[in-house]
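Hi everyone, thanks for making time this morning. I'd like to walk you through a structure and then take whatever comments you have. Here it is on the screen.

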Amino acid sequence: MIKGAIVGLGKMGLSHAAILGAHPCVDFVAVCDTSSLVLSAFKKFSNVKTYNDYKEMVEKESLDFLLVATPTRFHYPMVKCALEHDLHVFCEKPFSLTTQEGQELVELTSKSGLINQVGYHNHFIATFRELKRLLKVGVLGDLVHFMGEAYGPVVVKEKGVTWRSKSEEGGGCLYDYASHVLNLIQEIIGRPVEARGSQLKSIFSKGVEDAVYCLLTLENNVSGLLSVNWSDETYRKMSTTLTVIGKNGKIICDATEIKIFLKNPVKKENLDKGWTIKRITDFAIPVNFYLRGEEYSAQIDNFIDCIINKEYSVFNNFEQGLYTDKVIEFILDDSKKK
Amino acid sequence: MDKVLFGDNQFFAVNHASDEKARTQFIQFKENAAIINVIDQAIDLGINTFMCTTHDRISSICDHLRNHPERYKNFNIYPCMPYAHKYANALTELGIIETIKQYVPGSIFGTFAKGGFAFVNKDFVKLMELLIDAEMKMFKGINTPVIFIQNVIVDMILGLKMYSLLSAYDSYIREKYKAEPGYITMNMPLLLDTLNSLGIENPIICSSINKIGFRMSGGIELYEKYLNEKQFRPIAMQVLGAGTLRPKESIEYLGKFSKIESVLFGASSKGHIKETKKLIEQYIS
């Protein structure tokens, strides 16, 4: 059994706690949070130990891994502490608030050989994986353009101040929402190397942006658009779409389906001329325990498998997480240009 | 329970096969009258149970039912609580304490006269009961013989191993509402084992049951074994495998399991409702 603990019991932390609790290879032993309300619920109803100081938890419990699900500004000290105690680390996204800090953490892991993963769960949704595979085998031919979009109803009215209202703490739409799309673009289509025309727009929030729009150029010279808005209540929940256009057609991919249009058929992929629709049900990743979506369990399964097999994760390692932080940083810089 | 339970996903932009379709339905059911119209069609086809989340808009539907008591006197609602997005959005926006303040009726300090939050800290079961009461308020005067707890909460409790909350829910629903507690889950075998270990026998469990094993965590073989061998009252949902199966083959598959008591499905057109109801009556014994 692999012993693990969580620091940060917000929405994601609680969801991770349940998934770890149900995992057959994990001995989930401790939680840490600053909310006495949440800790007393764990004390009263579960068998895990509770802490309000993560350092104390890391010192006292003989852990194999730490899962960090605190607000972003705490990621750096907590992940560093865990790595220094030889713990494998799963860290929620976005990875770090500054790329210097992120770089330091990446270097620490590369020296230690510890397993590291960031919570960009969309890579565990089979439709996005299939999109990556189809692009890799070249069904679209030369790529011409892409569009990465995410919309949802997170902030739909003027609201009070929480950590999410502070841009320096990574609370805005760019860090929280757009990071998912940037990470998908980076891993599926190509790494962005330049942002132009970046617009960060506040709609209801004070101090942070609710929407991000920009033009991205990728390392493979393909350019495309990013359009993300978390104040869009025409969506019931976060909805993320990648559209990729090539000389041989177009693919539109979201978490539920892939719509493929081809000018010329691709026989080896069994794809006809014209439209082909593939659904998530055709290739969903099976999980032993389900909470809120297969992808949340599948990403934890991957992390635990990597620890057991002593293999680096090919999905969402710290270096990949750091690259997304770098893209966020150059979008921020570009948005400040007059 | 009736064999045919009419669901509400189609009214609230929930579609597991297509985000795009979900949004189209969102537009179609903009007005409550459009929802009532479809419910009336279902009633005219002989369906008497509507299983729905405690979405804000359901309270307007309930007003309509109360205003026409004669028309709906044999009509049942199976509430499914909570409408999780409501709380999830509030948690992100307001944090835990403010969320509790917003949804627990009355002043929190008034409700917990003996010392405000210190009391909340110690009495989560009381807090849960207050939240249940708040969710149930909209159904006053309407028949609610079975009251469900949603899968996101059930499965969260299962994972966190906070099992005694399930016992507390079970007894509160029986005592206060004189209703049968029901459980929705994506992890049916694990839930049934857990409920049995708590001494809850023959529970009503609503879970995905379909030929392709979609959202059947633990695997289709284990589900089939439980459906054949264990003692519980299963309701099948997501029977069409998020729209990938034809109605006939999917309901025919359910017919292999004599234990299945009811099938939950949602549809927006009279034709679909009629067809699915006929199949359920044909194959479910």
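Before I talk about domains, one definition: the domain bounds I'll quote come from an automatic or database domain assignment. With that in mind, chain A is assigned domain 1, covering 2-121 + 293-317, and domain 2, covering 122-286 + 323-336.

Please remember as we go that this is a predicted model. On the confidence side, the ipTM is 0.90 and the pTM is 0.92. For chain B the average pLDDT is 88, and 90% of the residues score at least 70.

Let's begin with chain A as a whole. It has 10 helices and 14 strands. Its radius of gyration is 20 Å, close to the 20 Å that the globule rule gives for 338 residues, so chain A is as compact as a globular protein of that length. If you like to think in boxes, the C-alpha atoms fill roughly 60 × 50 × 40 Å along the principal axes. Of the 338 residues, 52% count as buried. And if we take the contacts in chain A with a separation of 6 or more, 68% of them are between residues 24 or more positions apart.

Now, how do the domains of chain A meet? The centres of domain 1 and domain 2, taken over C-alpha atoms, are separated by 26 Å. At the boundary, 18 residues of domain 1 are in contact with 18 residues of domain 2. On the domain 1 side, the elements giving two or more residues are helix 5 (99-112) and helix 9 (294-309) of chain A.

In general, nonpolar side chains tend to be buried together in soluble globular proteins. Here the largest nonpolar core holds 184 residues, and the ones touching the most other members are L66(A), V89(A) and A178(A). Which element gives the most to this core? That's helix 7 of chain A, residues 173-188, with 10 residues. The core also draws at least three residues from each of domain 1 and domain 2 of chain A.

Let me zoom in on A178(A). Leaving aside residues up to four places away in sequence, A178(A) touches A150(A), C173(A), V212(A), L226(A) and V228(A).

Helix 6 of chain A, residues 126-136, is worth a look too. Its buried residues include F128(A), L131(A), L134(A) and L135(A). The buried residues of this helix pack against several elements of chain A, among them helix 7, strand 11 (239-246) and helix 8 (280-283). Just after helix 6, G138(A) takes a positive phi of about 80 degrees.

Finally, the partner chain. In this model, 36 residues of chain B are in contact with 36 residues of chain A. Several helices of chain B give two or more residues to that side, including helix 1 (19-28), helix 4 (84-94) and helix 10 (164-177). Helix 9 of chain B gives the most, with 6 residues. The residues on the chain B side divide into 19 nonpolar, 12 polar and 5 charged.

That's my tour, and I'm happy to take questions.

Methods: Residues are numbered from 1 along each chain as its sequence is written. Chains are lettered from A and ligands numbered from 1 in the order in which they are written. Two residues are in contact if their C-beta atoms, placed from the backbone, lie within 7 Å. Helices (H or I, at least four residues) and strands (E, at least two) are DSSP runs, numbered from the N terminus. Ala, Val, Leu, Ile, Met, Phe, Trp, Tyr, Cys and Pro count as nonpolar, Asp, Glu, Lys and Arg as charged, and the others, Gly among them, as polar. The radius of gyration is taken over C-alpha atoms; the globule rule is 2.2 Å times the number of residues to the power 0.38. A residue is buried if 20 or more other C-beta atoms lie within 10 Å of its own, exposed if 12 or fewer, and partly exposed in between; C-beta atoms are placed from the backbone. pLDDT is the predictor's confidence in each residue, from 0 to 100. A nonpolar core is a set of buried Ala, Val, Leu, Ile, Met, Phe, Trp, Tyr and Cys residues joined through C-beta atoms within 7 Å.
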